[in-house]
Amino acid sequence: MKVRPECLSCLFERAVFEANLVLDSDEAKIRFLKELLRYAAEHFSPEITPARIGTARERILKRISGSEDPYRELKSESNATALKLLELAERAYEQSGDKIRTLLLITAAGNSMEYGVRGHEFKITEFADEFDKLLRAPLSGNVDEVIDAIRQASRILYLTDNAGEIVFDLFFIKKLLEMDKKVVISPKTSPILNDATVDDVRMLAPFDPEIVPSGSHIGLSLDEADEGILSILWDEEYLVISKGMGNYEMISEFEEKIKGRLIYILRAKCLPVAASLGVKQRELVAILR
């Protein structure tokens with residue numbers, strides 16, 4: 001997915017959010033924004049993906065702030081909140097007559113746990129009520145085909161997205177394992193945005209996870225991913241489940257190479273992603289491509 005003009009303002013709105021999160025002085029905040037402005041002036045073009053330019057923003061922030069994990073506290077808070085809501089997800093699953101559809105709904109709703117996205121207001125103190133409502137919301141996409149693909153798959157590569165959300169991903173994956181499926185989990189190697197990392201998965205998984213990290217780029221970058229994740233990605237025996245907007249932005253650029261075994265699960269939190277997917281903003285999405 002390529003950038004749209006409105007992606008530029010979103011890039012800087014999130015940058016201001018992040019500057020206020022980790023930088024103490026106006027001088028440091030302005031330095032960060034100026035460096036980002038210079039980068040955007042040179043690289044923002046119709047050929048770049050939002051995730052690519054967002055990754056550059058995060059790396060500038062890390063360098064100026066000296067923090068390797070600017071979202072550390074928010075991630076911890078998100079994980080704690082999701083763990084408190086896990087019982088609600090478990091109850092929805094147990095009461096459901098359509099188990100896989102409910103798992104898709106749970107994990108797509110979990111993708112709401114995202115900060116600083118233009119047009120998407122996430123308040124962690126109010127998320128319990130929102131999550132409860134989302135578990136009764138419709139799913140957009142070719143959901144029956146998604147369900148069939150999951151039923152038929154014996155091997156799954158699961159590309160994760162955000163902290164907090166990872167709790168619901170692991171619940172989904174646990175159920176997939178109970179269906180005798182082999183699942184390789186691919187979180188981030190090291191912190192980027194509020195994405196779940198290898199450490200998050202190891203800390204939160206209620207089972208012994210098989211982990212192959214995806215690198216430290218927003219979304220899956222073929223340029224930066226190592227051979228371990230790429231060998232699984234290109235293996236035609238694996239169904240690929242791609243969580244979140246960042247992965248969608250990157251993988252949609254090469255999805256033809258894995259066509260027929262790629263599932264996107266996310267909440268379309270911004271207008272450009274929603275338009276690219278052909279859904280309405282804020283809808284929960286599960287699509288087989």
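Trainee: How do the residues of the lining of the second largest pocket divide by type?

Mentor: In this predicted model, that lining comprises two nonpolar, four polar and five charged residues (nonpolar: Ala, Val, Leu, Ile, Met, Phe, Trp, Tyr, Cys and Pro; charged: Asp, Glu, Lys and Arg; polar: the others, Gly among them). Because the model is predicted, local features need pLDDT of at least 70 and side-chain atom pairs count only at pLDDT 80 or more, while totals for chains, interfaces and linings use all residues. Numbering runs from 1 along each chain as its sequence is written, and side-chain values use heavy atoms, without hydrogens and water.

Trainee: Which residues line the second largest pocket?

Mentor: Rolling a probe the size of a water molecule over the atoms shows where empty space is left. A pocket is an open set of points, on a 1 Å grid over the protein atoms alone, where a 1.4 Å probe fits with protein on both sides within 12 Å along at least five of seven lines; lining residues have an atom within 4 Å of a point. Here the lining consists of D69, R72, K75, S76, T189, S190, P191, T197, D199, D200 and M203. Two or more of these residues come from each of α4 (72-95) and α9 (198-204) (helices are DSSP runs of H or I, at least four residues, numbered from the N terminus). The volume is about 180 Å³, taken as the space filled by probe spheres set on the points, joined across faces, edges and corners.

Trainee: What is the volume of the largest pocket, and where does it lie?

Mentor: The largest pocket holds about 490 Å³ of space. Its lining has 29 residues, with C10, P50, M245, E249 and C270 the closest to the centre. At least two lining residues come from each of α1 (6-22), α3 (50-65), α11 (244-251) and α12 (271-277). By type, the lining has 15 nonpolar, five polar and nine charged residues. Domain 1 (5-65) and domain 2 (72-288) both contribute, so the largest pocket lies between them (bounds from an automatic or database domain assignment).

Trainee: Is α3 largely enclosed or exposed?

Mentor: Helix α3 is largely enclosed by the rest of the structure, because 12 of its 16 residues are buried (under 20% relative accessible area, 1.4 Å probe, protein chains only). Among them are P50, R57, E58 and K62.

Trainee: How many residues of α8 are buried?

Mentor: In α8 (residues 165-178), 11 of the 14 residues are buried, so this helix too is largely enclosed. The buried residues include E165, D169 and K175, as well as F168, F171 and F172. Just after α8, D180 adopts a positive phi of about 65 degrees.

Conventions: Buried < 20%, exposed > 50% of the residue type's maximum accessible area, 1.4 Å probe, protein only.
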